[in-house]
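Dear colleague,

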Amino acid sequence: MRYTHIYVERSAYAYPLTKRILSASEGSGIIDIDHYKDVFDRPRQDHEFQRKNPALILAVRTGARVFKGAPVCQSFGQRNFYYSSSIMNCPFDCEYCYLKGMYPSSYIVVFVNMEDYIKDVEGYLTQGPMYVCASYDTDLIALNPLTGLADSWCDLALRHEDLLVELRTKAAPPELRAIPNVIYAFTISPEEVASRYEKGAPAASDRIRAAVRALDSGCRVRLCFDPMIKIPGWRDAYAGFVEEVTAKIDLTRVTDVSVGTFRISGDYLSSMRKRLPANEIAWYPYIVKGGVAQYTEEDDKEMQDFMCGLLEEHIGREKIFTWN
Ligand code: SF4
């Protein structure tokens, strides 16, 4: 992706990652700023305009960098579940993405002080093993050629056996590093969903091929059928998709599988409806339970049970995780 502008916090210039990104971004206009929030948090930003004219913000993350995992996210049975955002926002543009409701801007913010993230994680590790999802509010693997931050998390995992890192992605990288305590979580959806709602992301078939390559090179792979979207004819779409996936991937080789229906914080949903009035996914009549907008209990159960039933024919039930 080519960025029309790169906003750089003055304090970010001191970091090697800033130099790396700027030297790879010839032709982008550089604008110095005091703080990333001066650009990122402005009111009334235009998502569509920003998507057509993408900009990058290079910043230094101060304050908290590692957080306790949220209840709407799956812990996969791991204790000490945390997540961390070394980048905010994503090069892909999924219509259902909660980031559209969470952030006031579509510009991508890269925090260039990975050294501080490493210190924070190493501090937590003195208290015991840790499971960190490092690629929730972005797609670190898609952005790795520019930032190298997925590599930094892999290097950190290599140095600490008691750290388990999940890198979630919709990218289809040609190769990935096989590290026993790094799980590559490929999010995959039927083509009916991917082509309509996952703008900019590689086709589902490319992601499946990337997952096969990763398995063949000894990587730990998680497959995420999440979020399931209740499109007309969803049963046929998801049944056909499981057939397609299992024809290419022996599911007994994957670490585990996750299944989840679409859900989003009620506040993020309200903000998506205001900012993106034409967003189809946002206007579905969800119920809000415990502050989380979701399908009705019956729909949710029906969809997850249906999917789990299909997957159980290929992988043990104990390896299938659902979100509720
Ligand atoms: S790939 Fe994930 S983070 Fe990126 S836009 Fe899609 S849902 Fe959001």
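This is a predicted model: local features need pLDDT of at least 70, side-chain atom pairs count only at pLDDT 80 or more; totals for chains, interfaces and linings use all residues.

Residues are numbered from 1 along each chain as its sequence is written.

The open sheet has 8 strands in the order 4-5-9-10-11-13-14-18, with mixed pairing; strands are DSSP runs (E, at least two residues), as helices are (H or I, at least four), numbered from the N terminus, and two strands pair if DSSP finds at least two bridges between them. Strand 4 (66-68) and strand 18 (320-322) stand at the edges with a single partner strand each, so one side of each has no neighbour in the sheet.

Within this sheet, strand 13 (residues 220-228) has 9 of its 9 residues buried, so it is largely enclosed by the rest of the structure; buried means that 20 or more other C-beta atoms, placed from the backbone, lie within 10 Å of a residue's own. Strand 13 pairs in the parallel sense with strand 11 (residues 182-187) over 5 bridges, where Y184 stands opposite V221. Another 5 bridges join strand 13 to strand 14 (residues 256-261), again running parallel, and there M228 stands opposite T261.

Elsewhere in the sheet, strand 9 (residues 130-133) and strand 10 (residues 163-169) pair in the parallel sense over 4 bridges, with C133 opposite E166.

With best wishes

Methods. A residue is buried if 20 or more other C-beta atoms lie within 10 Å of its own, exposed if 12 or fewer, and partly exposed in between; C-beta atoms are placed from the backbone.
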